[in-house]
Amino acid sequence: MPVQAAQWTEFLSCPICYNEFDENVHKPISLGCSHTVCKTCLNKLHRKACPFDQTAINTDIDVLPVNFALLQLVGAQVPDHQSIKLSNLGENKHYEVAKKCVEDLALYLKPLSGGKGVASLNQSALSRPMQRKLVTLVNCQLVEQEGRVRAMRAARSLGERTVTELILQHQNPQQLSANLWAAVRARGCQFLGPAMQEEALKLVLLALEDGSALSRKVLVLFVVQRLEPRFPQASKTSIGHVVQLLYRASCFKVTKRDEDSSLMQLKEEFRSYEALRREHDAQIVHIAMEAGLRISPEQWSSLLYGDLAHKSHMQSIIDKLQSPESFAKSVQELTIVLQRTGDPANLNRLRPHLELLANIDPNPDAVSPTWEQLENAMVAVKTVVHGLVDFIQNYSRKGHETPQPQPNSKYKTSMCRDLRQQGGCPRGTNCTFLCGLYLSCLLLIPFSLVKIYVCAAKRVETCFSSQFFHLLEEPRE
């Protein structure tokens, strides 16, 4: 029975005996399938196959080279030359160059702290997705044919992510958000905010989850009527645009009727909130990609959910929508971005390397690369990753800080329109406005003059006075 593989952050210890790799007893040996096990455990295997996926080990274990890219991360010295004998001298030279590139890249994974055998990568110059992809590359066994195929795919994936991160580094987050919603509206769709959109989708599901078929007009009216007590700003137009978003995502089975409105029925696979929401989110991501926008999973989570807890969900959607052509298209988009900025970091020099990586076949059944192709790919990926790190450290205003979740970030920081105009909030506990302006001005108000209002969204009592409303040029009795 296969053994459960370790977490990706535990790449510095043997996943069988849990001992940290070292250069004496527990030397790391990477297999063709990209699993890495210490030599002691490999010698104890009852059958010559990977204990995780049962892939046959075709090369003698004593011939497989030690993974010095990993060993250097636990303090071992990498020898200048290793006794690896391939079929000819030319292959040896290509192998040595490729191996050295991987070892140089692995230094970006050097842990700053952490428990035994577990890397703590929070302070790395690379983002989490880049770290994961780099760990995949570092665990590839280059002397094995399958390992070389995997290394080529890992290099391509690293290059593609590098382009995405360079584009993200050049974008203005505020302008990005405006461009996204403009693209959504241009397609006759709308996003009403995290809380209201969620409720609208749940009401669509409530109306249609039993297989009912309704006309668009009836469906929209049903959602508006149910939504109005909590969200008075809900209108037939705005909800119609939400339904249009689901229609674009092919969530409905539409039945046409003569001289009458068509009937809309939810397809069976979308009759749960999770499935419907995933397709809804995927459609918005698809619209963004069509508009040439590149948005990180963290930004997506914040935009669609108002928090940072849905990064993995959004990353999986982005990955699924990627196509082999996406990489080459992203390289072109990066070139346009660099033309607008003047390219102070000379990132345009990376374009030939990125184009080489974009031409790698991502198919798992791709033909095994030649040794020269392997060397060229490893040199290319090393160059582009170094270029990204150099840009982040020396040219980027954003730096490499990971966005920190803001407390209660799902709530808006602007004041509630109904509270501001009418003096009360009809949404009750479902209000998503923080009324931050009231809170910030509160310190200026003498306590003796205040009267209590309850901001239900935060369930915090906040204080206002007639003087406060005068500041807003909205005097009240």
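Guide: Let's start with a contact list. Arg216, Leu219, Val220, Leu221, Val223, Val224 and Leu227 of α8 meet Lys236, Ile239, Gly240, Val243, Gln244 and Tyr247 of α9. Sorted by class, this contact has nine nonpolar, two polar and two charged residues. Keep in mind as we go that this is a predicted model.

Visitor: At what angle do α8 and α9 pack, and how far apart are their axes?

Guide: Helix α8 covers residues 216–227 and helix α9 covers residues 236–248. Their angle is about 125°, and the axes are 9 Å apart. Angles from 65 to 115 degrees count as roughly perpendicular and those over 145 as roughly antiparallel, so α8 is oblique to α9.

Visitor: Is the crossing of α8 and α9 left-handed or right-handed?

Guide: Right-handed, in the case of α8 passing α9.

Visitor: Let me try another pair. What do the axes of α7 and α10 do?

Guide: Take helix α7, residues 194–208, and helix α10, residues 273–290: their axes come within 10 Å and cross at roughly 125°. These two are therefore oblique to each other, and their crossing is right-handed.

Visitor: Which residues make the contact between α7 and α10?

Guide: On the α7 side, look for Gln197, Glu198, Leu201, Lys202 and Leu205. On the α10 side, pick out Tyr273, Leu276, Arg277 and His280. By class, the contact of α7 with α10 has four nonpolar, two polar and three charged residues.

Visitor: Now single residues. How do I read burial, say for Ser215: is it buried or exposed?

Guide: The idea is to look at relative accessible area, where under 20% means buried. Ser215 has 10%, so Ser215 is buried. You'll find Ser215 in strand β3, residues 213–215.

Visitor: And which residues is Ser215 in contact with, beyond its neighbours within four places in sequence?

Guide: Ser261, Ser262 and Leu263. Leu263 itself sits in strand β5, residues 260–266.

Visitor: What does Leu263 contact, leaving out its own sequence neighbours within four places?

Guide: Ser215 again, along with Ala213, Leu214, Lys253, Val254, Thr255 and Arg257. For a sense of sequence against space, compare Leu263 with Val218: they are 45 residues apart in sequence, and their C-alpha atoms are 9.6 Å apart.

Visitor: What about a charged side chain? Is Glu165 buried or exposed?

Guide: Same test, and the relative accessible area of Glu165 is 8%, so Glu165 is buried. Glu165 lies in helix α5, residues 145–169. Setting aside residues up to four places away in sequence, Glu165 touches Ser127, Met130 and Leu388. Of these, Met130 is 35 residues from Glu165 in sequence and 9.2 Å away, C-alpha to C-alpha.

Visitor: How many disulfides does the count come to?

Guide: The rule asks for a pair of cysteine sulfur atoms within 2.5 Å, and the count comes to zero. Burial is a separate matter for a cysteine. Cys101 counts as buried because its relative accessibility is 6%, and Cys251, at 0%, counts as buried too.

Visitor: How should I read backbone angles? What is phi for Tyr18?

Guide: Tyr18 has a positive phi, near 65°, and is not a glycine. Tyr18 is placed in the segment before β1 (28–30). With a relative accessible area of 61%, Tyr18 is exposed.

Visitor: And where is Asn346?

Guide: Asn346 is in the loop between α13 (324–341) and α14 (351–358). Asn346 isn't a glycine either, yet has a positive phi of about 55°. Its relative accessibility is 42%, so Asn346 counts as partly exposed.

Visitor: To finish, let's zoom out. How many helices and strands does the protein chain have?

Guide: The protein chain has 18 helices and seven strands. Of its 477 residues, 48% are buried. Now take contacts between residues at least 6 apart in sequence: 63% of these join residues at least 24 apart.

Key:
Residues are numbered from 1 along each chain as its sequence is written. This is a predicted model: local features need pLDDT of at least 70, side-chain atom pairs count only at pLDDT 80 or more; totals for chains, interfaces and linings use all residues. Side-chain values use heavy atoms; hydrogens and water are left out. Axes are lines fitted to C-alpha atoms, for helices over the stretch in contact, and angles run from 0 to 180 degrees between N-to-C directions. Helices (H or I, at least four residues) and strands (E, at least two) are DSSP runs, numbered from the N terminus. Angles under 35 degrees count as roughly parallel, over 145 as roughly antiparallel, 65 to 115 as roughly perpendicular and the rest as oblique. A crossing is left-handed if the near helix is turned anticlockwise from the far one by less than a right angle, and right-handed if clockwise. Contact means heavy atoms within 4.5 Å. Ala, Val, Leu, Ile, Met, Phe, Trp, Tyr, Cys and Pro count as nonpolar, Asp, Glu, Lys and Arg as charged, and the others, Gly among them, as polar. Buried means under 20% relative accessible area, exposed over 50%, partly exposed in between (1.4 Å probe, protein chains only).
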